[in-house]
Every structure is written in structure tokens, then in C-alpha cells.
Amino acid sequence: MNNNDLNILHEFNILYLEDDENLLKHTKDILEDFVNNIYAVKTISEALDILLNKKVDVIISDILLKDENGIDFLKHIKNKNINIPTILTTAHTDTQYLLDAIRLKVENYIIKPINIKELLNSLHDILLPIVQKKEIQKNNNLIKTISAITDGKQVAIIKYILNNLDNENLFTASYTDIMDSFSISKPTLIKLFKELAEKNILVKVQHKTYRFNEKTLENL
């Protein structure tokens with residue numbers, strides 16, 4: 001395996017569509033150790049249900065399913081403006097399938113039997129740019145937020161908030177939690193949160209929970 005940092009896979013969710021039950025279970029069991037969630041299904045109907053109800057970052061789909069076709073599945077979701085990076089798997093090297101995959105801008109095409117090292121590296125290559133983009137955005141948010149706050153001593157708190165946002169840009173902590181981590185007085189901390197709230201950067205949504213508003217930063 002290449003010296004890829006596969007730890008980056010831990011925050012992502014995978015939809016795996018495969019009608020061979022043994023292969024489905026085997027690959028799912030392996031990928032579970034590397035990714036956040038893997039939704040393993042045998043039919044297109046189940047796959048569509050997952051896409052409607054779960055957050056999916058990458059699709060892995062077999063082409064020739066029982067009475068169904070993975071290419072048709074991808075055409076259907078793209079027609080619905082669902083554009084998710086995809087890896088196709090197949091036991092065949094039919095030229096038409098390759099052409100269809102190219103037209104659909106599929107990220108990779110893996111011939112069965114699936115080589116797990118190849119699959120993991122392919123997932124890494126697909127997801128690395130997303131991770132890098134998030135990191136760049138986080139740094140931009142840090143710079144813009146700092147510029148919006150006059151007291152430079154509060155930078156460490158802002159960085160702490162940004163580093164602890166969840167996937168929904170929510171930050172959860174009490175004043176006591178933050179004061180336990182940093183040498184800062186409660187009045188100073190309250191002043192910081194008040195300034196962020198006034199600028200609509202950090203909006204309280206419920207007790208101890210705040211939403212970081214990236215859109216506000218675009219106008220700063």
C-alpha cells in the first residue's frame with residue numbers, strides 16, 4: 001500500500017452497493033475499520049433510500065447487479081443532481097462499461113476480485129482534496145474571525161471553537177468547559193461570545209450549543 005494517511009477516511013460515510021452477499025459482508029467488515037459509516041446494501045432501491053436519508057461522501061457500486069445495473073443507478077442519481085464521487089466495481093472489462101464510466105465522470109473503476117489496498121488508496125485519493133479544502137476553509141475562517149475581533153488575546157479561544165465544530169458547524173461547550181482549558185476569566189469569555197454573536201458569527205441555538213456562521217464571514 002502507498003504511504004497514504006488512511007486516517008483521513010475516518011470522518012467520511014460510504015455507500016456500498018453490491019448484490020453478492022458474501023463480498024458485501026467481507027468488504028463492509030474491512031472498510032468499517034477505516035471509515036465513519038459504511039451503508040452496505042444489495043439493491044438500487046435500498047441505495048436510493050440511503051441517499052435520501054443519510055449523508056454519503058463516496059459511492060462504491062457494482063455494475064452488474066441482479067436484474068439491475070450500477071450504470072443506470074448512477075445515471076438516475078446524476079439526473080437528480082446528486083453528484084457524489086463514485087468507484088465502480090465489475091468482474092468484466094467490457095469496453096462499453098468503461099466508456100459509460102468515463103461519460104459519467106466516475107472517479108475510479110476497479111476490476112474484481114476487489115483488491116482492498118487498491119480500494120482504500122482510491123478512497124484516499126478521492127477524499128484527500130475534500131479534507132484539504134476543509135482545512136483551507138478552516139484557516140480562512142480563523143483569519144476572518146480574528147479580523148472581526150479587536151482583542152488579539154482571544155485568538156486561542158476562536159481557534160479552539162473552529163477546531164471543535166462538528167459536520168453541521170455546531171460547537172458545544174459551556175463557559176466552564178472553555179475556562180478549564182484556557183487561562184481566561186469568565187467576563188472576558190462572555191465578552192468574546194457576545195462580540196461573535198453581535199457580528200452573527202457564532203449564533204446560540206440551544207443551551208451550550210452554538211452555530212458557526214460561515215456565510216457571515218464572506219461579507220467581512
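Tutor: Happy to! Helices α5 (116-148) and α6 (155-163) each supply at least two residues of the lining of the largest pocket, and α5 gives the largest share, seven residues. Helices here are DSSP runs of H or I with at least four residues, strands are runs of E with at least two, and both are numbered from the N terminus. Before going on, please note that this is a predicted model, in which local features need pLDDT of at least 70 and side-chain atom pairs count only at pLDDT 80 or more, while totals for chains, interfaces and linings use all residues. Residues are numbered from 1 along each chain as its sequence is written, and side-chain values use heavy atoms, with hydrogens and water left out.

The space in this pocket comes to about 460 Å³. Of its 18 lining residues, K134, K138, L165, D166 and N169 are the closest to the centre. A pocket is an open set of points on a 1 Å grid over the protein atoms alone, where a 1.4 Å probe fits, with protein on both sides within 12 Å along at least five of seven lines; lining residues have an atom within 4 Å of a point. The volume is the space filled by probe spheres set on the points, which are joined across faces, edges and corners. By class, the lining has eight charged residues (Asp, Glu, Lys, Arg), five nonpolar (Ala, Val, Leu, Ile, Met, Phe, Trp, Tyr, Cys, Pro) and five polar (the others, Gly among them).

Domain 1 (7-136) and domain 2 (150-218) both give residues to this lining, so the pocket lies between them. The bounds come from an automatic or database domain assignment, and the C-alpha centres of the two domains lie 37 Å apart.

Now for the rings: the structure holds four aromatic pairs. Rings of Phe, Tyr and Trp (its six-membered ring) pair if their centres lie within 6.5 Å, and planes under 30 degrees apart count as stacked, over 60 as edge-to-face and the rest as tilted. Y175 and F193 are edge-to-face because their planes stand at 85 degrees, with ring centres 5.4 Å apart. This pair links helix α7 (residues 175-181) to helix α8 (residues 186-198), 18 residues apart in the chain. F193 is buried at 5% relative accessibility, where buried means under 20%, exposed over 50% and partly exposed in between (1.4 Å probe, protein chains only). F193 also pairs edge-to-face with Y210, 5.0 Å centre to centre and 65 degrees between the planes.
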